[in-house]
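Me: Please work through the structure below with me, one question at a time.

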Amino acid sequence: MSKVIFYTPAFNAEKTLRRTIESVLTQTHTDFVYYLLDNASTDNTSKIIKEYAKRDQRIVPLCNAINWVGNWILDVIEGYSNECYLCELDADDEYTPDFLKKMLAFMTEHNLQIAACGSDFINATTDKLIVSRKLDTSLILEGDKFEMNFSKYYQFMRSIWGKVYSLSVFRKPNYRDYEISGYGSDTYFAMRAFHNATRVGILAESLHRYYVFPKSVSYQLDENRITSDNALFDATRDFLISKCGIVSQENLNFLYRVYLNAIQDTVNVLQNEQMPVINKLQRLLDIFQSKHTQELIKWPGVEEQRNDMFNQVVVWVLGQKEVYSEKGLEIASDILAAMGVYPTKISGWQDCWTFLLLTTLKNRQSKMGVVLNIDDQIVSITSALPLIAGLNVEFLTYFRDIVFLIMQQDEKKALTQIESTIAKQTNIPDEYIEEFLTLGVNLSAKLNYAERFISFKKLKILLLIDFFRLDDAKEELADWDEILPNDMDFKELRGRLLQ
């Protein structure tokens, strides 16, 4: 008779493992072998496994000295024939007593290589049902039904548990190999099995209980999670191409919705993760710069859900105090550029910081390969201040640090920075020099710095002469004939006009 193999890997599962083991040992179909793996636990997991192994000869205890080094599920089944079956169960979940009996009967009746059942998702704290994931009627997949019913069975292909597999599906070559480890590896495992099966059935009953813990893997940030989201999209699309010969528009739309849900989950996990905010911002940038997220931004049909997520991300990013640093501002700008959005008004932000964000975004958008129409917004946000009102957006962006100081009403520091720029003989584009000196003149006047005002006037007149704008230079000089008739600098400037 064909042997059924149960497999449970357990890492520090002393609080839940007994419930899991009992659910297997009390199956009404009793002919099975049960491999229990202590996956390098540091609690009483090993002790519990050994205790049950002494009580029931169907249990085969396994032990890893290093987590996931050895005793992987495919290692365990290596010596069994294709006629045997495999069931996996996580160390914090359970099957109903009739799980195996009903699943084997379902497989025999419909000649299946894989059978999947529904699952009840249980709040592990309250023991209350969150949701039941099952079909209304059982579904048999073969031939073109894998393509026609993809959106119905995909949810059952996302996990390794809740299924009975014929070992024959693991003895065929993979349709393609992807580097997916940790988060997402269960989905890839089940997907490869579905690909190799000729007939698969989804039983319309919940025979599995999945306990949702706050620290479940799905709610933790695996270091590979962001790359896994993208790899799973590729793996699933290639599954459809290899299995069905086509990815229909309907299934592609579904895949993008799945991907959107995946990155939404990753964003939620990331925001709650205990790590420096700058690292979180960098991870968010990785998400939004990724190939499939960029495709998703342009993809029609998911606008409402996508915009909701974008709004959530923008509000969170701009609510972090770390964004007020140079590094944080650059990453935040890159995130917004990758999303193709920019804020017109930011709650709780002063206009000076909004200006700095928008100009940073303008400077970095070419690097990001995007074009955002933010020029009018930059000009608008500075138009209320007489010192900088009317200046063009390129000037405002080029001298954004000085403009930022003016918007902070720190005119003294802004003037000092202008003087420092001149003293260092910093190369200033010709098209900005006159406005730059005029800004120095106006700042000096507002601050009642007479000597600096005169100094900037002299520089401006000299500039006009160098640019051969002699009439403008004469007009500027005329005012000083009576005010400072004996000033040597003004005399020299008059002399240059006569040359």
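Helix packing and cysteines

Me: Is the crossing of helix 1 and helix 2 left-handed or right-handed?
Reply: This is a predicted model in which local features need pLDDT of at least 70 and side-chain atom pairs count only at pLDDT 80 or more, while totals for chains, interfaces and linings use all residues. Residues are numbered from 1 along each chain as its sequence is written, and side-chain values use heavy atoms, leaving out hydrogens and water. Helices are DSSP runs (H or I, at least four residues) numbered from the N terminus, and a crossing is left-handed if the near helix is turned anticlockwise from the far one by less than a right angle, right-handed if clockwise. The crossing of helix 1 and helix 2 is right-handed.

Me: How is helix 19 oriented to helix 20, parallel or antiparallel?
Reply: Helix 19 (residues 430–446) packs with helix 20 (residues 450–466) at about 160°, the axes lying 8 Å apart. Angles between N-to-C directions of lines fitted to C-alpha atoms over the stretch in contact run from 0 to 180 degrees, and those under 35 degrees count as roughly parallel, over 145 as roughly antiparallel, 65 to 115 as roughly perpendicular and the rest as oblique. Therefore helix 19 is, relative to helix 20, roughly antiparallel.

Me: How many disulfides are there?
Reply: A disulfide is a pair of cysteine sulfur atoms within 2.5 Å. By this rule the count is 0.

Me: Which cysteine sulfur is nearest to that of Cys87?
Reply: Cys87 is buried (under 20% relative accessible area; exposed is over 50%, partly exposed in between; 1.4 Å probe, protein chains only), because its relative accessibility is 0%. Cys87 is in no disulfide, and the nearest cysteine sulfur, 9.4 Å away, is that of Cys117.

Terms used:
Helix = DSSP H or I, 4+ residues; strand = E, 2+ residues; numbered from the N terminus.
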